[in-house]
Every structure is written in C-alpha cells, then in structure tokens.
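Here is a short briefing to read alongside the model. Please keep the viewer open and follow the contacts as they come up.

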Amino acid sequence: MGDTLRLNASFVDYGLVVVYFAVVLLIGFAARRRVSDSLDFFLSGRSLPAWVTGLAFISANLGAVEIVGMSANGAQYGMATMHYFWIGAVPAMLFLGVVMMPFYYGSKVRSVPEFMRRRFGTGAHLVNAISFAVAQVLIAGINLYLLATIVNALLGWPLWVSLIIAAIIVLSYITLGGLSAAIYNEVLQFFVIVAALLPLTLIGLHRVGGVGGLIDKVTASPGGAGQLSSWPATNLSGFDNPFWSVVGIVFGLGFVLSFGYWTTNFVEVQRAMATNSMSAARATPIIGAFPKMFVPFIVVIPGLIASVLVPEISALKAGEDSPLTYNESILALIRDVLPNGLLGIAIAGLLAAFMAGMAANISAFNTVFSYDLWQQYVKKDRPDDYYLKVGRWATVGATGIAIGTALIAAGYSNLMDYLQTLFGFFNAPLFATFILGMFWKRMTPTAGWAGLVSGTLAAIVVFVMNETGVITLPGQGSAFVAAGAAFVVDILVSVVVSQVTAPKPVAELAGLVYSETPKEVRTDPEAHRLPWYRSPVPLAGIALVMVIVLNVIFR
C-alpha cells in the first residue's frame, strides 16, 4: 500500500482525533468505578436502558469489517451488497427480539456456550466454546488489521508498528471498564461513525453529479447497469443461474448465515442481556433494526462512488494493475473528497468503528474464556475476583493473538470473502444445533456435539474444494454454499444420532426447550402495559414492513 494512501491530515484533524481518544479513555475510567464484581464487568450489572443497548447493539456490529468490508463489496458488486442488510440482517434481528430474547433473558444464561452446556452437557459446550473463542480472535484480527491500516495511512508507520499501537489503545479501555466501557463507548462511536460517513456520502455524491450522475457513471463502468439492481445478484453469489442465485442468497445468507449470526452471536446478545428488563432486552435488537436498514446508504453507496471516482479502484474493476485493493475503497474516497476538519472526523469515525468491532470481539472472548473454559474445565470453585483477574489476563492474551491473526486478514483483497467464510465455519453449524435443540426435546447430548463437529467439517470440505478448484464459486458463493452444507449436515447428523442415543430427562429441560419452559418464564410480564412505540411486537412489525418496501424500491 505504501504512500498511495497517505492521508493529508492537518493539525486540526490530529486535534480532533486526540480529543476523541481522550473522551474514550475518560469513559473507561468512569466505568471502572462501577466495576465491583464479574456481573458488572461482563454484563454491566444488567442495568442499562433499551435505547442505550439498542444503539450499542448496532454499533458493536458496525465495526471495521462492516464499514470497510461493505464498502469494498459496494465497489466490487454494487447494490447487491444491500442484501447483507435487508435480507441478511433485519429479519433475523426481529426474530431474535420477538422469539429468542425472552428465552435467553428468562433462562438467565450468561453466554451461548452456557446454554449449550445446560442443554447438551460438556461435549457440545466444549466444542462450541473453543470454536467461538477461535472465531473471536480471528475476527478481532480483521478489526486490528484495519485499525493498523488507518494508523499506517495517517502516519506512514510500518504495518507491524501500527498493529501494536492499535492493540494497546483497544486493550486499555476494555481492561479498565469491561462491558460498560465497551457499551457506552459504542453509543458514542455510533454517532461519531454517522457524523463521519454521512458527509463522505453527500460530498461524494456531489462530486459525481448527484444520484443521476452516479447512475450514469456506474452504467458506463465495467459491470454496467447490473450493479444498480440488487436482484438476482449473480455476481455476488457466484451462481450464473438467476434462480439459484436468489435461492443461495435467501437460504445461504438470509437464513443460515444471518439467523446463525444474529441469534447465536454472543457479541450481540451480550448487549441485550445488559438491559434492566425483559421488555428492554427484546426491544434491543428491534430498536437496532431501524438504523441497521439505513446504514447501507452511508456504507455501500460510498463504495459504489469510489468505484467510479477513485482512479485506482476504477482500474481494479477494469482488471488493470492497481496499487489498492477493494478494502481500501472507503479510505481512498476519504483521501480524495474530504477537506481538512471533516477528514479528522472521518478518521475518528473509522478508528471508532474499528475499536467498537474489536472491543466487542475481545469482551465476548474474555467472558467465554473465563466462564466457559477456565471456570468449567481448568479451575473450578474459585472466588469471583479470581475470575475477574482471569478475564483481564484473557483480554491481554487475546489482543496478542489478534496481532498474529491480523496478518491472515492482510492476505485478502476483499475482507467480506474471508468473514463470510468464517461465519460458515462457526455460526452455521451452531445455529443448526441451537435451533434444533431449542425446539426438539428428543435431541440428545451426543447429537449436540456430533452435529456441531460434522457441520463444521462440511463447511471446511466445501471451502477446500473451492480453493483447490474441484468446484468453482467466485464472489461469496462458496461461503453461502459452505454455510448451507454445514446447516444441512448438522441437522441430518443430529437427527440420526438422536435416534440411537439417550435423551436428557424431560424434567431437566425446563428453561432450555421451548415446549418444556413454563409460559410465564418465556413471556414478557410488562408487555401489555407498554405503549405501542415501546412494545417489541408492533415495533418489529413496522420494521418488517419498512424492510420489505426497501427491497421492492431498490430491486
């Protein structure tokens, strides 16, 4: 990348970034004063209101990968990228709020692996906790790599120096305040990210001659007018046949990857678990769905603008040599269109996004490592402050490992390809086991871990076949197929193994299987008293109608 991406920042820009960091660290110190035990550190003492956790929920997801990955996708594939939001996020977020959240909140589990342990015993729990921990440090590595590229673009420092500096910054505020520091910073980061990306989109649109100018320029560019419609998205899915492309996106992305990510991803669920009531926990992902459906307008559109406005990205699309990759689309657009002052806000916004994403991964890792691995399998029955210390050391260790995994991320020209592959390995089989175990009481503990392992192996087999040329699926098609394979194989193996092994006694399944959980535990006692605009089900209905309308308008 070298000097191609040096951002011409002024004293004002650096000043804005310094002010932002000062506020972040102050929040860390303020939150530290409230951390007296592990519930405070890992779940914020279950005391936060729904609007705070709703914004944190979306901000934890609006990390570096989202901004850089989706703008890279926007530059490479165009409007088809909208599927990651309108098909691949909002429906699953609404399902999480309406159906799954009462179940989670009522059963008082602290993490998804903890649910696995109670439902299936230690086999499935150990497989899930290890795979989750591995996934978090791999994804944290992506965020760290992107954070380092910003430091590199700003200061010209070598990538490895930038990686270490970036790691120290994130480490300082999570270690200080735990989840409260992460959540309150995420709310701040949400506003900073929007303040950075909105002017970028508007100025970029102005530069290309408004919406009409963008349509003309994209139509005339390599890829043509197809980039302006979101369906059937054959270039994104890797399927030439429009019918199979739609099936791949709806089943692979919209169902398996999306529901797998949102309903079992502890990073997101942890935000909702930090609320002060079941209604607030249910409302958290539903409130998050409203900004989520409009995020692509400030993330995907800048990528599309960069593909016609930034010479290096245009060259890349035309198949010519270019010093940049799609991952650098948004940085290159910032370099080319933002004046000083706004540049500082944009840099702070990107740093905010990268830190939000990485902090979310690391805080989820330290909870699972401390409770699900260390306390369960290494040192049982120690005092609470012992596990708090383990959590803080796990944070340091995970950050160190993330520096190593950042170098894997550096090898991909579009990070979304890498990320969707990881989700196929880790989230798709987990979702299959989780949903089957939750709704089918006959599923056995042996089937729990056997399904998880076989599902993960199925995804790896598809990945290896694609890498070695046995099958050829360009775009993110191999990730969608791997996820679908993982889901189907996991379900089949779980059903077969359940037929030949012994299930848990029905008496032990209360709170873990839907049919065996008393209605008063999994229903919201406050629901009938709330006004409609605070009631989860009507809010979810409004969000669903809005997302269908968006899909129709931009088809």
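In α8, V137, L138, A140, G141, I142, L144 and Y145 meet A398, T399, I401, A402, I403, T405, A406, I408 and A409 of α19, where contact means heavy atoms within 4.5 Å. The residues of this contact divide into 13 nonpolar, three polar and no charged; Ala, Val, Leu, Ile, Met, Phe, Trp, Tyr, Cys and Pro count as nonpolar, Asp, Glu, Lys and Arg as charged, and the others, Gly among them, as polar. This is a predicted model, in which local features need pLDDT of at least 70 and side-chain atom pairs count only at pLDDT 80 or more, while totals for chains, interfaces and linings use all residues. Residues are numbered from 1 along each chain as its sequence is written, and side-chain values use heavy atoms, with hydrogens and water left out.

**Helix packing**
- The axes of α8 (residues 122–155) and α19 (residues 384–409) come within 7 Å and cross at roughly 70°; axes are lines fitted to C-alpha atoms, for helices over the stretch in contact, with angles from 0 to 180 degrees between N-to-C directions.
- The two helices α8 and α19 are therefore roughly perpendicular to each other, a label for angles of 65 to 115 degrees.
- Helices here are DSSP runs (H or I, at least four residues), numbered from the N terminus.

**Helix α15**
- Helix α15 (residues 296–309) has 14 residues, which at 1.5 Å a residue should span 20 Å, and its end C-alpha atoms agree at 19 Å apart; the expected span is 1.5 Å times one less than the number of residues.
- Twelve of the 14 residues of α15 are buried, meaning under 20% relative accessible area, with exposed over 50% and partly exposed in between (1.4 Å probe, protein chains only).
- Among the buried residues of α15 are I301, L304, I305 and V308.

**Nonpolar cores**
- Y104, I142, L214 and I347 touch the most other members of the largest nonpolar core, which has 159 residues; such a core is a set of buried Ala, Val, Leu, Ile, Met, Phe, Trp, Tyr and Cys residues joined through side-chain atoms within 4.5 Å.
- Leaving aside neighbours within four places in sequence, L214 is in contact with L205, V208, I301, L304, I305 and V308.

**Partly exposed residues**
- L316 lies in α16 (residues 311–317) and is partly exposed at 22% relative accessibility.
- V493, in α22 (residues 477–500), is partly exposed at 24%.

Definitions and conventions: Angles under 35 degrees count as roughly parallel, over 145 as roughly antiparallel, 65 to 115 as roughly perpendicular and the rest as oblique.
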